[in-house]
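Have the model open while you read.

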Amino acid sequence: MKRFIFRYGAMAASAITMLAAEAGAQERLPLLVPITGALALEGQSQRDGALLALEEARQPAARLQYPVYDTGSNPQIAVQAFERAIGESPKPRAMMGPIDGNSMLALLPLAEREQVALLAVSGTARLTELGNKHIFRFFPSDAVVKAAQARYIVEELKRKKVAVVYQNTAYGQSGQEQLAIWFERLGASVAYRNSVPVTTKELSGVIAQVRESGADVVALQLHSGSSALFVGQAARAGLNLPIVGGSALHQPSTAALLEPGELKGVCAETASAPAADENPEIAAFARAFRQRFKAEPDAFALATYDAVTALFQTWQSGRPVSESLAAARIKGLAMTYRSDGKGNMAHDAIIVCYDGAGRTPRIAKRYSRPHEDARAPAERR
Amino acid sequence: MSWAQIAIDGLALGAAYALVALGFVLILNAAGAVNFAQGDLVMAGGFAAIVFVGLLPLDGIAVPGLVLAPLVALAGGGAGWLIAEVAYRPLRHRPPVAVFISTIAVGIMLQHGANGIFGAAERRTPPLVAGEALEIAGLTVSPQTLAIVAAAALVILLLHQLLERTQLGRRLRAAAQDAEMARALGIPVRRLTALAFALGAGLAALAGLLLANVYFVTPTAGLAFMLKAYIAVTIGGWGSLRGAVIGAFLVAMFEVVAGRLYSASLADALLYVALLVALLLRPAGLFGEAAGRRA
C-alpha cells in the first residue's frame, strides 16, 4: 500500500509541483460528472476515482483546484457546467467529462472551441469518430469491449444463437450495434433482439420471448438496475441460459442487488475489475478506495483514476495537454494507455464471471486489443 | 412462460400500484390538487426500510419486511403530515397550481436528499417473507409475490372499512366532498386533511417497501411510480378509490401483457396510447365524477 501511494502519489505530486513552479499560478481540473440522474451511480464512481488520484497527489505548493460540477446525466446541464467551469479563473487546460455519451457529444464542440482536453470514460463509440482532437477516452470504447463480449460468447462458451437485450438509450444502442457487427463477423446469429426502457421494471415478457426464440445465450447491454432486474427475474423464471452482460454487471453495486445463486454462470465484459483483481497495485488501489469512500471500486473509478494520473504525467512536458496526451504512452493501473490517433487510449478488456458462491467475480479471460484480432473462426483455422 | 405466470406477475405489480394510486386519490380528494410527490414518497418508503434495517438491533439476523412494514408506513405517514402542514396548508387558498408546484418541489427535495444520504446506487429492501419460490400447478410463485398481493389486499380492505364503516371515515369523506360545509358542522377539516396526506403518504411508503425488494429503489425511481399512479387514477376516474384500485390493476396487466406480446419499449408507448383512447371514450374514467376539473 505504501509503495502504491508512494509510486503514484509521488509521480503525480512531482508533476503538479513542476507545473505550478513553471506556471506560477493555480491549476484547475474541473470534474464534470453526473452526480444525479440516471447515470449518477457511474458518475459517483468517476468522481471518487478522480478524487482519490487528486487527493493522493495533492501538495500545498501545487495549489491544484478540482471543483466538481454535477452534469445531471443531461446534455443541457453538462453544457451549462462546462460554460461555468471554463469561465472561472484560472482557465482550465483539461476537464474530466461525464460518463454519459450524449453529454460528451454535446461537450465535444465546446472543447474544440476552448482548446481544452476532455478526459472521458464513456464507452459510446461515436465520441472518437468525429475527428475531435481534444477527447481522450480512458475506458475501452464499445468497439473494444463488445468485441470481447462477442468473442467470449462464441469462442469460449461455444454459443451461436444469441438473444440481445439492450437499453433504449445511446449507451444501449451503441453497444447493440457493435454486438451485431461482431456476432455476424464471428458467424453467430442473433435469434432475438429487443430494447428495454430504463423505467421498465417487470421483464417477465422479455424473458419469455428470449426463451421462445430458441437462443442458447443472452448478451445484455443494459444499465446497472436493468441488468440486475433481468438477471434476478431470469433466475426466478428458470431461464437457464448463460448470460454475458455489459460492464454494469461487473459493478459491485449491481452484484449486491442479487443473491449469489442468481449470479451463478453470469459473466460481464469490462475494462478492469478492481474489486476482484489480485494484481498487487490494483489491490492496493481497491484498499485505498474502500478506506476513503467506504464502497467497492469499479472499472469506471479505476479508469478515471488512471486518466487523472495520466494527465499529471503529461502536464510535466509543458506542451499543450491535448498534444501531450495524443503522443503519450502511459502505464496505468488497469492497462497501458496510448492514443490510436482518434483519442481512444484504452484497448484492452476482460471478462469476469460469477461462480454462484459469492458476489465477487473472478477474471475469466483477458483480451488485449480484441477488436484487432477477431477473424471469423473459419479464417482462423 | 405461460399466460397464468404473466398474470401472477401482473397481479403483484398491480397490488403495489394500487397502494400508490389509493394514496394519490386520498390526497387528491382532501386537497383538491394533485400530490406530485407521491412517486417520491414511494421511493422514500424504500429507503426508510433500509434505514430501519440498520437501526433495528438484530445483529446478523435478517429483518423480515413484515417487521418493517408498520414502521415504514408510520414514517411515511409522518412525512405526509409534514407535507400537509408545510407544502399544502400555507398555499391552500391559492390557485391549485401553487399546490402542485409545491409538491413537485417536495419531490425534488426528497430525490436530492436520498441521493445525498444514500447515493445513486440501486438498493434492495428485505422481502416481506423470505423463502424459496413455490411450484404451484406448474407456476413459479415467490413468497414475496404472494406477500405483496396479501399485504395490499389487507391494507385496501382496512382502508375501505375505515372510510365506509367508521365515524372518522365519514368525516374524512365529508371534509373531502365539501370542506366549507364540513367546517360549518364542526368537523376539524384542517386535521382531517393532514390525516389524508398522512394516510396517502403511508400507503405510498408501504408500496415502496414492497416494490423495492423486487424492483429495487433509487433516488430517481419515484417519477415512474408517479406516472403509473396518475394513469391508474385517470383511467379509474378522478376521486374514485375503487377506480384507483381497478385502474392500477389495469395498468399493471397492460404493462406485462403488452410487454409479453410486443416489446417493453413498445409496451411503454402503448400504455400512453391506451390512456388517450380511454380519455376519448370515457373522459371521466371508469368510476369518475360526472363533471369537475382538477389541477
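How many of the 29 residues of α1(B) are buried?

1. Some housekeeping before the reply: this is a predicted model, where local features need pLDDT of at least 70, side-chain atom pairs count only at pLDDT 80 or more, and totals for chains, interfaces and linings use all residues. Residues are numbered from 1 along each chain as its sequence is written, while chains are lettered from A and ligands numbered from 1 in the order in which they are written.

2. Now the helix. In α1(B), 24 of the 29 residues are buried, so that element is mostly covered (buried is 20 or more other C-beta atoms within 10 Å of a residue's own, exposed is 12 or fewer, partly exposed is in between, with C-beta atoms placed from the backbone). Helices here are DSSP runs of H or I with at least four residues, strands are runs of E with at least two, and both are numbered from the N terminus.

3. The length of that helix checks out too. Its 29 residues, 3–31 of chain B, should span 42 Å at 1.5 Å a residue, and the end C-alpha atoms are 40 Å apart, which agrees (the expected span is 1.5 Å times one less than the number of residues).

4. Chain B as a whole has eleven helices and two strands, and the order from the N terminus is α-α-α-α-β-β-α-α-α-α-α-α-α. Its radius of gyration is 19 Å, close to the 19 Å from the globule rule for 295 residues, so chain B is as compact as a globular protein of that length (the radius is taken over C-alpha atoms, and the rule is 2.2 Å times the number of residues to the power 0.38). Along the principal axes, the C-alpha atoms fill a box of roughly 60 × 50 × 35 Å.

5. Still in chain B, 51% of the 295 residues are buried. Of the contacts between residues at least 6 apart in sequence, 79% join residues at least 24 apart (a contact means C-beta atoms, placed from the backbone, within 7 Å).

6. On to the interface, where 31 residues of chain A meet 27 residues of chain B. On the chain A side, α2 (40–57), β9 (189–196), α7 (204–213) and α8 (224–236) each supply at least two residues, and α7(A) gives the most, with six. By class, the chain A side has 13 nonpolar, 14 polar and four charged residues (Ala, Val, Leu, Ile, Met, Phe, Trp, Tyr, Cys and Pro count as nonpolar, Asp, Glu, Lys and Arg as charged, and the others, Gly among them, as polar).

7. Chain A is assigned domain 1 (2–140 + 276–346) and domain 2 (143–270 + 349–380), with bounds from an automatic or database domain assignment. Their centres, over C-alpha atoms, are 28 Å apart. The contact between them takes 14 residues from domain 1 and 21 residues from domain 2.

8. Finally, some backbone spots in chain A to look at. Ser89(A) and Pro90(A) are joined by a cis peptide bond, omega about -5°, and Pro90(A) sits in the loop between α3 (75–87) and β5 (94–96). Lys158(A), not a glycine, has a positive phi of about 60°; Lys158(A) is exposed, with 9 other C-beta atoms within 10 Å. Arg369(A) also has a positive phi, near 50°, and lies in the loop between β16 (362–368) and α13 (377–380).

Definitions and conventions: Contact = placed C-beta atoms within 7 Å.
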